[in-house]
Amino acid sequence: LSASAWIAFSGDSLAKGQTIKQFEVYSIAESLARHPLGILSTTIPCDGGIRWTLEPPVFHEWGALGIRIWPGYPALIPILSAILLVVAVYRLLSHSGLDEPKRSIVAFVVSLAPSFARFGIQFLPDPFAAAILIFGIDALLRKRRPLALSLFGLAVLTKADRKSVV
């Protein structure tokens, strides 16, 4: 736990895991932090400043918000995304028939999974998209179909992984 906390708050989180992909996503989020409405003109500095698009900027805008609020700590948004994922799992468990203490234990155990720890500090859209998808499933089970459809669409847009040079 202390190693994860050190990585998360040391400013080195972008150097862990899938570094090239993280730097692309972080660069786009950083570009959007400087130019909030520039979704078709984001740049990646190491590519000579050419305009660049990746997935639709759902996660990137979320990341840009984190960069504006807490600059210099790229792990803030991944940690918040991981927390959001645990909350989504906990909420989905309300349909399982488990009582509240058991739901809390299961959600806590999910948060200890090695893949959860790995993606919990990486600046990637995957945990954020998974959280939105799980919230969509919860909405569907609660028979809130318009909300479920909106969340499913948002989850797909968050992790569409379409890369192009504009």
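Me: D138 forms a salt bridge with R91, so how far apart are the closest N and O atoms?
Reply: A salt bridge here is a side-chain nitrogen of Lys or Arg within 4 Å of a carboxyl oxygen of Asp or Glu. Side chains of opposite charge can pair when their charged atoms come close. For D138 and R91, the closest N and O atoms sit at 2.7 Å.

Me: Which helices does that pair tie together, and how many residues apart in sequence are the parts?
Reply: Helices (H or I, at least four residues) and strands (E, at least two) are DSSP runs, numbered from the N terminus. D138 lies in helix α7 (residues 126-141) and R91 in helix α4 (residues 76-93), so the bridge ties together parts that are apart in sequence by 47 residues.

Me: What should I know about the model itself?
Reply: It's a predicted model, where local features need pLDDT of at least 70 and side-chain atom pairs count only at pLDDT 80 or more, while totals for chains, interfaces and linings use all residues. Residues are numbered from 1 along each chain as its sequence is written, and side-chain values use heavy atoms, with hydrogens and water left out.

Me: Is D138 buried or exposed?
Reply: The cut-offs are under 20% relative accessible area for buried, over 50% for exposed and partly exposed in between (1.4 Å probe, protein chains only). D138, with a relative accessible area of 2%, is buried.

Me: Which residues are linked in a network of salt bridges?
Reply: By the 4 Å rule, the count is two salt bridges. Besides the R91 pair, D138 forms one with R142, with closest N and O atoms 3.0 Å apart. R142 is partly exposed, at 34% relative accessible area. So the network, by that salt-bridge definition, links R91, D138 and R142.

Me: Which residues form a nonpolar patch on the surface?
Reply: Patches take residues with over 30% relative accessible area and no salt bridge, joining like charges within 9 Å and nonpolar side chains (Val, Leu, Ile, Met, Phe, Trp, Tyr) within 5 Å. Accessible areas come from the Shrake-Rupley method with a 1.4 Å probe; for residues, only the protein chains shown count as cover. One member, I69, is found in helix α3 (residues 58-69) and is exposed at 60%. With about 370 Å² of accessible area together, the patch residues are L65, I69, W70 and Y73.

Me: In what order do the elements of the chain run?
Reply: The chain has eight helices and two strands. From the N terminus on, the order is α-α-β-α-α-α-α-α-α-β.
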